[in-house]
Amino acid sequence: MGLKILVTGKQGQVGWELARSMTCLGEVIALDRAGLDLSQPETIRQTLRELRPQLIVNAAAYTAVDQAEKEPDLAQAINGTAPGILAEEAQRLGAALVHYSTDYVFDGTKRTPYRESDPVQPLGVYGQTKLAGEQAIQAVGVPHLILRTSWVYGMRGKNFLLTILRLAREREELKIVEDQTGAPTPSGMLGDFTTQILLQGKGDPVGLLQARGGLYHLSAAGETTWYHFARVLLERISDPERKLQRLLPIPTSAYPTPAQRPAYSVLDNQRLQTAFQLQTPTWEEALSRCTQGA
């Protein structure tokens, strides 16, 4: 008998990859919003008490960074309150919890990669609510793994990579921000690394996360800008229907958005690499693996 694992957000980029990669660990029950609405506390409690998983992996989130400025209550319910409820129910069941957070908990004023111990100072509602979720889990004290990641993309869902490929078919010119620096991280890498970490528990995620759990950074290594990332991915993926002639770098000030974003949000992965003996690939290597065959 393997583990009984509940994965939330199965239609999202990370949730879909987790449902794929975690089958080697046990029985995976993956739910979308229709199956588990994280904005409804009583629904969360009821569902978990019915399913009784031994491991809860929360990949669901309110990720619309700009829209969060207009819907702070909904973002807080999903990103801030729900993780705390998941942690309480996990503790009640004697289960462990894995949760994903974001580089947007930082204000971007640093110029060297952020460590887990660096002060947090989110600039917008999205980052504030994700930080609230981290703190809610930590306050409960359940065996947990919180993985902060950055600039998530993949070959499905809604993300920067797919948006650029689509716009390159529609427009002759694209202007991309060049003064925000981060580490693009494929959703597939997050799914695979999470599974590799949990495999180290040999069927006992509670024991593993009691011993080595906590808050870790997990992103691709290295750093780039949105403009350079767009340029590299357009070079890597050929498309006979592409109209694009010019890719132009612009400052953030030329592309105002409702939410302010950190200018620098590269994450330092050293703590995770030491704890679990895993080496994160560079963002270029990760991009190559993600787009193989595209």
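Q: What counts as a helix or a strand here?
A: Helices (H or I, at least four residues) and strands (E, at least two) are runs assigned by DSSP, numbered from the N terminus. Take lysine 202: it sits in the loop between H6 and helix H7 (205–212). This is a predicted model: local features need pLDDT of at least 70, side-chain atom pairs count only at pLDDT 80 or more, and totals for chains, interfaces and linings use all residues. Residues are numbered from 1 along each chain as its sequence is written, and side-chain values use heavy atoms, with hydrogens and water left out.

Q: Is lysine 202 buried or exposed?
A: Buried means under 20% relative accessible area, exposed over 50%, and partly exposed in between (1.4 Å probe, protein chains only). Lysine 202 has a relative accessible area of 75%, so it is exposed. Its phi is positive, about 50°, although lysine 202 is not a glycine.

Q: Where is glutamine 277?
A: Look in the loop between helix H9 (270–276) and helix H10 (283–290). Glutamine 277 also has a positive phi of about 50° without being a glycine. Its relative accessibility is 62%, so glutamine 277 counts as exposed.

Q: What follows H2?
A: Arginine 52 does, and its phi is positive, near 50°. Within helix H2 (residues 41–51), Ile44, Arg45, Thr47 and Leu48 are buried. Their cover includes strand S1 (3–8), strand S2 (26–31), strand S3 (55–58) and H3.

Q: How do I read a contact, and what does glycine 80 touch?
A: Contact means heavy atoms within 4.5 Å. Leave out residues up to four places away in sequence, and glycine 80 touches Ala75, Thr129, Ala132, Gly133 and Ala136. Glycine 80 lies in helix H3 (residues 72–93). It is buried, with a relative accessible area of 4%. Glycine 80 and glycine 133 are 53 residues apart in sequence, but 3.9 Å apart in space, C-alpha to C-alpha.

Q: At what angle do H1 and H6 cross?
A: Axes are lines fitted to C-alpha atoms, for helices over the stretch in contact, and angles run from 0 to 180 degrees between N-to-C directions. The axes of helix H1 (residues 13–21) and helix H6 (residues 187–199) come within 8 Å and cross at roughly 45°. Angles under 35 degrees count as roughly parallel, over 145 as roughly antiparallel, 65 to 115 as roughly perpendicular and the rest as oblique. H1 and H6 are therefore oblique to each other.

Q: Which residues make the contact of H5 with H8?
A: Phe160, Leu161, Ile164, Leu165 and Ala168 of H5 meet Trp226, Phe229, Ala230, Leu233 and Leu234 of H8. Ala, Val, Leu, Ile, Met, Phe, Trp, Tyr, Cys and Pro count as nonpolar, Asp, Glu, Lys and Arg as charged, and the others, Gly among them, as polar. By class, this contact has 10 nonpolar, no polar and no charged residues. The axes of helix H5 (residues 160–170) and helix H8 (residues 226–236) come within 10 Å and cross at roughly 65°.

Q: How many helices and strands does the protein chain have?
A: There are 10 helices and 12 strands. The radius of gyration is taken over C-alpha atoms, and the globule rule is 2.2 Å times the number of residues to the power 0.38. The chain's radius of gyration is 19 Å, close to the 19 Å that the rule gives for 294 residues, so the chain is as compact as a globular protein of that length. Buried residues make up 55% of the 294 residues.
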